[in-house]
Amino acid sequence: MEKDRDVAVLSTIQGKTTAKEIAMSLDLINNQFHRSLREKINSRSTFDTWFKDTAIISYEDGKAVISVSNSFARRLLARSYAPVVDGILQDIFHQPMSVQY
């Protein structure tokens, strides 16, 4: 039920301009992003180690910027989890997204 609500809200985020609206949109996007990652990554320890502290900090014009905890995590995520992250972002934004960590 919560997932359906988030998806419905995510579909209305385009055109938001105030800082509060953008922050609320990012919260919803990150909730969906983490929920989808947990579903795709079967190991809780893997999620907690590599994804728990990630956050989408911006998105615009087909590009998502994801914050990570350190440069090692950035390299590992880009190398080992790119297809998973790309697929989830495409599901959330309904378009292919380039990713910058």
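1. Contact here means heavy atoms within 4.5 Å. On that basis, 54% of the contacts between residues at least 6 apart in sequence join residues at least 24 apart. The model is a predicted one, and every value in this note is to be read with that in mind.

2. Overall make-up. The protein has five helices and three strands. Their order along the sequence is α-α-α-β-β-α-α-β. Of the 101 residues, 34% count as buried.

3. The sheet. The three strands form an open sheet in the order β1-β2-β3, and the pairing is mixed. β1 (55-60) and β3 (98-100) are the edge strands, each pairing on one side only. From one strand to the next the twist averages 25°.

4. β1 and β2 (residues 63-67) are antiparallel and are paired over five bridges. Two of the residue pairs can be named: Glu60 has Lys63 as its bridge partner in β2, and Ile56 has Ile66.

5. Asp61. For comparison, most residues other than glycine have a negative phi. Asp61 sits in the loop between β1 and β2. With a relative accessibility of 77%, Asp61 counts as exposed, because the cut-off for that class is over 50%.

6. The nonpolar core. The largest nonpolar core has 19 residues. Those with the most contacts inside it are Phe33, Leu37, Phe51, Ile56, Tyr81, Val85 and Leu89. At least two core residues come from each of α2 (19-40), α3 (44-51), β2, α4 (71-80) and α5 (82-93). The largest share, five residues, is supplied by α5.

7. Helix α5, faces. Val85, Ile88, Leu89, Ile92 and Phe93 are the buried residues of α5. These residues cover an arc of only 115° around the axis, and therefore lie on the same side of α5. On the face turned away from the buried side, α5 carries the exposed residues Pro83 and Asp91.

8. His94. α5 is followed by His94, which has a positive phi. The value is near 60°, again in a residue other than glycine. His94 belongs to the loop between α5 and β3. Its relative accessible area is 64%, which means that His94 is exposed.

9. Helix α3. Which residues of α3 are buried? They are Thr46, Phe47 and Phe51. Their arc around the axis is only 100°, which puts them on the same side of α3. The face turned away from that buried side has the exposed residues Arg44 and Thr49.

10. Ile41. This residue lies in the loop between α2 and α3. Is Ile41 buried or exposed? Its relative accessible area is 10%; the limit for a buried residue is under 20%, so Ile41 is buried. Leaving aside neighbours within four places in sequence, Ile41 is in contact with Thr46, Phe47, Phe51 and Tyr81. Thr46, Phe47 and Phe51 are also the buried residues of α3 listed above.

11. Tyr81. Not counting residues up to four places away in sequence, Tyr81 touches Ile41, Thr46, Phe51 and Leu76. Ile41 and Tyr81 are 40 residues apart along the chain, and their C-alpha atoms are separated by 9.7 Å. Tyr81 is also among the residues with the most contacts inside the largest nonpolar core, as is Phe51.

Notes: Residues numbered from 1 in each chain as written. Predicted model: local features only at pLDDT ≥ 70, side-chain atom pairs only at ≥ 80, totals over all residues. Heavy atoms only, no water. Pairing = 2+ DSSP bridges. Helix = DSSP H or I, 4+ residues; strand = E, 2+ residues; numbered from the N terminus. Axes fitted to C-alpha atoms, helices over the stretch in contact; angles between N-to-C directions. Core = buried A, V, L, I, M, F, W, Y, C linked by side-chain atoms within 4.5 Å. Buried < 20%, exposed > 50% of the residue type's maximum accessible area, 1.4 Å probe, protein only. Arc of directions from axis to C-beta.
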